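Biologist: I am new to reading structures. Please show me how to go about it, feature by feature.

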Amino acid sequence: MTSAPVIWWIRRDLRLDDNAALNAAIASRRAIIPLFIRDALVDNIGAAAKIRLEEGLKALSRSLRARGSKLILRHGDAESVLLDLAKKSGAGMVVWSRLYLPDTIERDRGVKAAVQAAGLTARSYAGHVLFEPWTVQTGQGDHYKVYTPFWKAVRSRDVVLPDSAPDRLPAPEHWPDSDTLSQWNLAAAMNRGAGVVQKHIAAGEAAAYERLATFLDDRLNEYGIHRDRLDRDATSGMSDYLSLGEISPARLWHAARRHVEEGCKGAETYLKELVWRDFAYHLAYHTPRLLTDNWREEWSDFAWQEDQRLQAVKAWKQGRTGVDVVDAAMRELYVTGRMHNRARMIVASFLTKNLGFHWKIGMDWFGDCLIDWDPASNALGWQWVAGSGPDAAPYFRIFNPQTQAEKFDPDGKYRARWLAKNHSDPSDDALAFYDAIPRSWNLSVDDDPPDPLVDLKKSRTDALDRYERFRNG
DNA sequence: TGCTTATTCGA
DNA sequence: CGAATAAGC
């Protein structure tokens, strides 16, 4: 290859399959320099997400090597890194997959302008979502604010059929310098046993497809029935792969659509869940305050609990609320970096309703602990539960954790798995929590089980009273 | 993608 | 008298 190389700027598309930016680079018949930049936006992600990113980068790096290529790592301001690398490598073009959150849009706009001003070609491509936010509109030309009409608007749409991964990526004559992952030490952000979370991660495209195949073969048919069960492995498990783009939503869409056509019962339900992710991006794009503030602006008057009860927040984070299903879920989060979707709703309702704390407190904790961290989905989820978001229920919904546990963990298996209490022989997972926590928490497996932080009945009526006061101004 | 209370149903 | 159902939040 003698012509100027093209830089494939990798951000949240750690995949070779179905990657329009990569395919454009290949179509250009130039040498490709795969580049990941650790910039301020990367530095800002949570501790668990950083560990997950490190594992994802390792997997991508291996996969690139197997195809005669190499992952180049650089840190610093994206614009300067790109311009510097382009200059030193003689690259004439930069390609990337588009992202849709305000901070990434702002960064990418600046980068595109700077790259073009330097005389290079900059091209961006779709792929992180199924439907780019500006492509879904109501009859009035507005954006959708309620899920069901959004779903109806997109359910029959065509999604471009994914391209498969290239066998080889043309390499440049000289590889530019690269940082190393050990230099970056992304795990250092975690002030606790990173190894515990790491053990639960299976990063990379190959792992994603393995999990997907199992899901499609063994679980999709019953997905509609079992997906809410805390005590079963009945969910897709695709969220962390989607978060880093190790699998494309289009790939999942087509897999599920094929199963719908084959009469698979749960496939439609799964498609709906996949489209919720798009809906979240869509709303975050059109109303960015979704990510940081109450989507319903009148909620700024809501009387959240004040700081004097922060002990309760601490207990929530540490899985010591004394409400078993809540504590089990919070420990699952801390140990694995994941939490069952149904459990996310239960703990969110408990924090925002029973304890009365602002949803942002919970969202920030999720941001620090989740390996599948996705700002749009999380903001939508937390605001949906709190009641401050779009598509809210016409009533003030308060989950009863006890009822939820009986419905979705009828034999108590989920609770027993994550809680050591009342068991002479606690599970490995329950014990792992004590390896994962920082010493400063000062907790021991021999501690007495905590008393319930609040009475469920009273905290419910208190929450309803707060809501009534808010509604009546 | 809920919960509670009141009411009806059916043994 | 417990289970199913309906209404209202």
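The dialogue below takes up domains, a helix, a DNA strand and a few loop residues.

Modeller: Some ground rules come before the features. This is a predicted model, in which local features need pLDDT of at least 70 and side-chain atom pairs count only at pLDDT 80 or more, while totals for chains, interfaces and linings use all residues. Residues are numbered from 1 along each chain as its sequence is written, chains are lettered from A and ligands numbered from 1 in the order in which they are written, and side-chain values use heavy atoms, with hydrogens and water left out.

Biologist: Into which domains is chain A divided?

Modeller: Domain bounds come from an automatic or database domain assignment. Here they give domain 1 (1-127), domain 2 (129-158 + 193-286) and domain 3 (297-472). The centres of domain 2 and domain 3, taken over C-alpha atoms, are 24 Å apart.

Biologist: How many residues of domain 2 and domain 3 are in contact?

Modeller: Contact means heavy atoms within 4.5 Å. By that rule, 24 residues of domain 2 touch 30 residues of domain 3.

Biologist: How do I check a helix, and what span should α3 have?

Modeller: Helices (H or I, at least four residues) and strands (E, at least two) are DSSP runs, numbered from the N terminus. The expected span of a helix is 1.5 Å times one less than its number of residues. Helix α3 (residues 47-65) has 19 residues, so it should span 27 Å. The C-alpha atoms at its ends are 27 Å apart, which agrees.

Biologist: How many residues of α3 are buried?

Modeller: Buried means under 20% relative accessible area, exposed over 50%, and partly exposed in between (1.4 Å probe, protein chains only). In α3, 16 of the 19 residues are buried, so the helix is mostly covered.

Biologist: Is Ala66 buried or exposed?

Modeller: Ala66 sits in the loop between α3 and β3 (72-75). Its relative accessible area is 61%, so Ala66 is exposed. Its C-alpha atom is 56 Å from that of Asp301, 235 residues apart along the chain.

Biologist: Which residues are closest to DNA strand B?

Modeller: A residue is near a strand if one of its heavy atoms lies within 4 Å of it. DNA strand B is surrounded by 13 residues, the closest being Trp276, Met345, Tyr395, Ile398 and Asn400. Helix α19 (401-408) gives the most to this surface, with 3 residues.

Biologist: Which polar atoms lie by the bases and phosphates of DNA strand B?

Modeller: A polar contact is a pair of N or O atoms within 3.5 Å; within protein, one must be able to donate a hydrogen and the other to accept it, and residues adjacent in sequence count only if both atoms are side-chain atoms. A polar side-chain atom of Tyr395 is 2.7 Å from a base nitrogen of DNA strand B. A polar backbone atom of Asn400 lies 3.0 Å from a phosphate oxygen. For Gln404, a polar side-chain atom is 3.3 Å from a phosphate oxygen.

Biologist: What about phi in Asp18?

Modeller: Most residues other than glycine have a negative phi. Asp18 has a positive phi of about 45°. It lies in the loop between β1 (6-10) and α1 (20-27), and at 13% relative accessibility Asp18 is buried. Asn185 also has a positive phi, near 45°. Asn185 is partly exposed, at 41% relative accessible area.

Biologist: Where is Asn294 found?

Modeller: Asn294 is in the loop between α13 (267-286) and α14 (310-317). At 8% relative accessibility, Asn294 counts as buried. Its side chain makes a polar contact with the side chain of Ser388 (3.5 Å).
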